[in-house]
Amino acid sequence: SKTTIFNRRKKSHYLEHALKYTEGRYCDSITVQDIADHLNMNRSYLHRLFNSFTGVSIQNYLLDYRIRQACILLQNTSLSVRSVAHTVTYADPLYFSRIFYQKMGISPREYRNKFQ
């Protein structure tokens, strides 16, 4: 029906905005609540919407996006691991290294060495 198509388009429009906002602001310590506020949307509705379209939670998407950006920085810059961590919003480089290892299976230093 037309209503179903309209609702689906509206939801994908919200999703697009959520992605744009997230990818534009990942360097800031934004939260899911910030994204929901930006879209004038209820936080749990945003969570369900995002999950239904992408199959991942918005928190995981943000985390993965930050790690992907860290990978790019590690490959293409000579920034220290500490600086890379700060750039992708991790104040604690040890915590960043732990998260990076969980996601990538190697440490940020080992990752950089693979590409140099």
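This briefing describes the fold, the aromatic pairs, the cysteines and the surface of the protein chain. The model is predicted, so local features need pLDDT of at least 70 and side-chain atom pairs count only at pLDDT 80 or more, while totals for chains, interfaces and linings use all residues. Residues are numbered from 1 along each chain as its sequence is written, and side-chain values use heavy atoms, with hydrogens and water left out.

**Fold**
- The protein chain has seven helices and zero strands, where helices (H or I, at least four residues) and strands (E, at least two) are DSSP runs numbered from the N terminus.
- Taken along the principal axes, the C-alpha atoms fill a box of roughly 55 × 25 × 20 Å.
- Of the contacts (heavy atoms within 4.5 Å) between residues at least 6 apart in sequence, 51% join residues at least 24 apart.

**Aromatic pairs**
- Rings of Phe, Tyr and Trp (its six-membered ring) pair if their centres lie within 6.5 Å; planes under 30 degrees apart count as stacked, over 60 as edge-to-face and the rest as tilted.
- By this rule there are eight aromatic pairs.
- The ring centres of Y26 and Y65 are 5.2 Å apart and their planes stand at 75°, so this pair is edge-to-face.
- Y26 lies in the loop between α1 (2-25) and α2 (32-38) and Y65 in helix α4 (residues 58-76), so the pair ties together parts that are 39 residues apart in sequence.
- Both Y26 and Y65 are buried, a class that means under 20% relative accessible area, with exposed over 50% and partly exposed in between (1.4 Å probe, protein chains only).
- F96 and F100 form a tilted pair, with 5.8 Å from centre to centre and 50° between the planes.
- Both of these residues, F96 and F100, lie in helix α6 (residues 93-104), four residues apart, about one turn of the helix.
- F96 is buried at a relative accessible area of 0%, and F100 is buried at 0% as well.
- Ring pairs link Y90, Y95, F96, F100, Y111 and F115 into a cluster.

**Cysteines**
- The whole structure contains zero disulfides, a disulfide being a pair of cysteine sulfur atoms within 2.5 Å.
- The sulfur of C71 is 14 Å from the closest cysteine sulfur, in C27, which is too far for a bond.
- C27 is partly exposed at 37% relative accessibility, whereas C71 is buried at 6%.

**Burial and surface**
- Buried residues make up 34% of the 116 residues in the protein chain.
- The accessible surface (Shrake-Rupley method, 1.4 Å probe) comes to about 7,300 Å², of which 50% belongs to carbon and sulfur atoms.
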